[in-house]
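Please read them with the coordinates open.

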Amino acid sequence: MTIPVWMLLGFALWTIAVLLFSVGIYRWTRILSGKVDIKAFRGDVVEGEDWYRRAMRAHANCVENLPVFGAVVFAVYASGLQSSAVDIMAAVALLARMCQSVIHIALVQSNTIAFLRFVFFFTQLVCFIGMAISVMRYAL
């Protein structure tokens, strides 16, 4: 497998990890302790502690960006492009996603923290666009 494909797999596994180790733990500890019924977690109402609500958004952010990264990595793979620059951008994109998620979940939000989250999100976008441009240049 190529580095970008490994990074895509890592992105998918990170998305699952964010779900399991934040949202999942919050919900299942409450359900298994008998504090709430399993039906208590409605999809149309976001309730719970502040970090839990941030975890829900962090997981949704992962889910929203995974198809974009997947499409770009697919284009890299399908084109046959082998590039150390693309490998680095794929790795940086995954690292930035992980940093953004951790900051989102673990830290109380302030202007500074929101700015840091944005920096890591913007880094991902730059990597996605850079990889896409690399594919287009290679294909021409």
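This is a predicted model: local features need pLDDT of at least 70, side-chain atom pairs count only at pLDDT 80 or more; totals for chains, interfaces and linings use all residues.

The points below go from the overall fold to single residues.

1. The protein has four helices and zero strands. From the N terminus on, the order of elements is α-α-α-α. Along the principal axes, the C-alpha atoms fill a box of roughly 60 × 30 × 20 Å.

2. **Burial and surface.** The protein has 140 residues, and 34% of them count as buried.

3. **Contact range.** Take the contacts with a separation of 6 or more. Residues 24 or more positions apart account for 78% of them.

4. **Main core.** The largest nonpolar core holds 17 residues. Which members touch the most others? They are F69, V76, V86 and M131. Each of α1 (3-32), α2 (50-79), α3 (84-106) and α4 (111-139) supplies at least two residues of this core. The most come from α3, which gives five. In soluble globular proteins, nonpolar side chains tend to be buried together.

5. Another core lies apart from the largest one. It has nine residues, including W14, V18, A58 and C62.

6. **F69.** Set aside the neighbours within four places in sequence. F69 is then in contact with M7, L8, F11, A90, A93, F128 and M131. M131 is also among the residues that touch the most other members of the largest core.

7. **Helix α2: length and bend.** α2 has 30 residues. Its first and last C-alpha atoms are 44 Å apart, close to the 44 Å expected at 1.5 Å a residue. Even so, α2 bends by about 30 degrees at N65. A proline, P67, follows within four residues. Just after α2, G80 takes a positive phi of about 80 degrees.

8. **N65.** N65 sits in helix α2. Its relative accessible area is 9%, so N65 is buried. Beyond four places in sequence, N65 touches F11, R97, F121 and F128. F11 and F128 are also contacts of F69.

9. **R54.** Residues up to four places away aside, R54 touches H104, I105, A106, L107, V108 and Q109. The R54 side chain reaches the backbone oxygen of L107 at 3.3 Å. R54 and S22 are 32 residues apart along the chain, and their C-alpha atoms are separated by 9.5 Å.

10. **Helix α3: span and cap.** The 23 residues of α3 should span 33 Å at 1.5 Å a residue. The end C-alpha atoms are 33 Å apart, which agrees. S83 caps the N-terminal end of α3. A side-chain oxygen of S83 lies 3.2 Å from the backbone nitrogen of A85.

11. **Q100.** The Q100 side chain makes a polar contact of 2.7 Å with the side chain of Q124. Not counting residues up to four places away, Q100 touches N61, R117, F120, F121 and Q124. F121 is also touched by N65.

12. **R30.** This residue lies in helix α1. The R30 side chain has a polar contact of 2.8 Å with that of E49. Another, of 3.2 Å, joins the side chains of R30 and T29. Neighbours within four places aside, R30 is in contact with K35, V36, F41 and E49. R30 and A40 are ten residues apart along the chain, and 9.9 Å separates their C-alpha atoms.

How values were computed. Residues are numbered from 1 along each chain as its sequence is written. Side-chain values use heavy atoms; hydrogens and water are left out. A nonpolar core is a set of buried Ala, Val, Leu, Ile, Met, Phe, Trp, Tyr and Cys residues joined through side-chain atoms within 4.5 Å. Buried means under 20% relative accessible area, exposed over 50%, partly exposed in between (1.4 Å probe, protein chains only). Contact means heavy atoms within 4.5 Å. The expected span of a helix is 1.5 Å times one less than its number of residues. The bend at a residue is the angle between axes fitted to the seven residues ending there and the seven starting there. A polar contact is a pair of N or O atoms within 3.5 Å; within protein, one must be able to donate a hydrogen and the other to accept it, and residues adjacent in sequence count only if both atoms are side-chain atoms.
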